[in-house]
Amino acid sequence: DRSLMRRLSYNLIGLDLWSRAPILGVGPGIFPELYAGDEFRWYPGRQPEPRQLHNAYLEVAVETGIVGIALFLAATFGALALALGAARAAPDSPEGRLARALGVGFAAFLFASLFMPNEDNKYMWILVALCAKAAWLVRVRQEAER
């Protein structure tokens, strides 16, 4: 079911759970089981089987609280800033073009994460590492040119 009601229920349940444990969250990986529990059986579009919240940011916040979402945002948006900053610093070098491509691709992925489950976050961490490595490559090239 790809209905708006099901998507709405994911977010409503997520916000309800986050309000109960805003600092440390309900626990990593727990959302699907809580979603399928009897407590939320009357939410619109909800099915009884465990499902992940289809908003990576809210899922991280629900499961790990403010502490976890702050660390998550610092790592992801920090890597994005590194890649885009490196692309601006060396726009014509191969490393700068790589950093720009990774930064733009990662920005699109981060936007899409508003609508997809956190189960895809293995790709997110690969992109974090690639963005940071691209920025490092730009810095190494700039130091070698001095």
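1. Basis. This is a predicted model: local features need pLDDT of at least 70, side-chain atom pairs count only at pLDDT 80 or more, and totals for chains, interfaces and linings use all residues. Residues are numbered from 1 along each chain as its sequence is written, and side-chain values use heavy atoms, with hydrogens and water left out.

2. Fold. The protein has five helices and zero strands. Its pattern along the sequence is α-α-α-α-α. Helices (H or I, at least four residues) and strands (E, at least two) are DSSP runs, numbered from the N terminus.

3. Overall shape. The C-alpha trace spans about 65 × 30 × 15 Å along its principal axes. The radius of gyration of the protein is 19 Å, whereas a compact globule of 146 residues would have one near 15 Å. That radius is taken over C-alpha atoms, and the globule rule is 2.2 Å times the number of residues to the power 0.38.

4. The protein exposes about 8,000 Å². Carbon and sulfur atoms supply 67% of that area. Accessible areas come from the Shrake-Rupley method with a 1.4 Å probe; for residues, only the protein chains shown count as cover. Of the 146 residues, 39% count as buried. Buried means under 20% relative accessible area, exposed over 50%, and partly exposed in between (1.4 Å probe, protein chains only).

5. Contacts along the chain. Take the contacts in the protein with a separation of 6 or more: residues 24 or more positions apart account for 66% of them. Contact means heavy atoms within 4.5 Å.

6. The H3 and H5 pair. Two packed helices are described by the angle between their axes and the distance between the axes. Here helix H3 (residues 56-89) packs with helix H5 (residues 121-145) at an angle of about 35 degrees, and their axes are 8 Å apart. Axes are lines fitted to C-alpha atoms, for helices over the stretch in contact, and angles run from 0 to 180 degrees between N-to-C directions. The crossing of H3 and H5 is left-handed. That term applies if the near helix is turned anticlockwise from the far one by less than a right angle; clockwise is right-handed.

7. Which residues of H3 and H5 meet? On the H3 side they include Phe72, Leu82 and Ala89. On the H5 side, Met124, Trp125 and Gln142 are among them. The residues of this contact divide into 14 nonpolar, two polar and no charged. Ala, Val, Leu, Ile, Met, Phe, Trp, Tyr, Cys and Pro count as nonpolar, Asp, Glu, Lys and Arg as charged, and the others, Gly among them, as polar.

8. Ser113. This residue lies in the loop between helix H4 (94-112) and H5. Is Ser113 buried or exposed? Ser113 counts as buried because its relative accessible area is 0%. Leaving aside neighbours within four places in sequence, Ser113 is in contact with Asn55, Ala56, Tyr57 and Met124.

9. Ala90. The loop between H3 and H4 holds Ala90. Its relative accessibility is 12%, so Ala90 counts as buried. Not counting residues up to four places away in sequence, Ala90 touches Gly96, Arg97, Val138 and Gln142. Ala90 and Arg141 are 51 residues apart along the chain, with their C-alpha atoms separated by 9.2 Å.

10. Gly68. Helix H3 contains Gly68. Gly68 counts as buried, at 14% relative accessibility. The C-alpha atoms of Gly68 and Val140 are separated by 32 Å.

11. Two exposed residues. Glu33 is found in helix H2 (residues 31-36). Glu33 is exposed because its relative accessible area is 53%. Pro48 sits in the loop between H2 and H3. Pro48 is exposed too, with 59%. Pro48 and Ala61 are 13 residues apart in sequence, and 23 Å apart in space, C-alpha to C-alpha.
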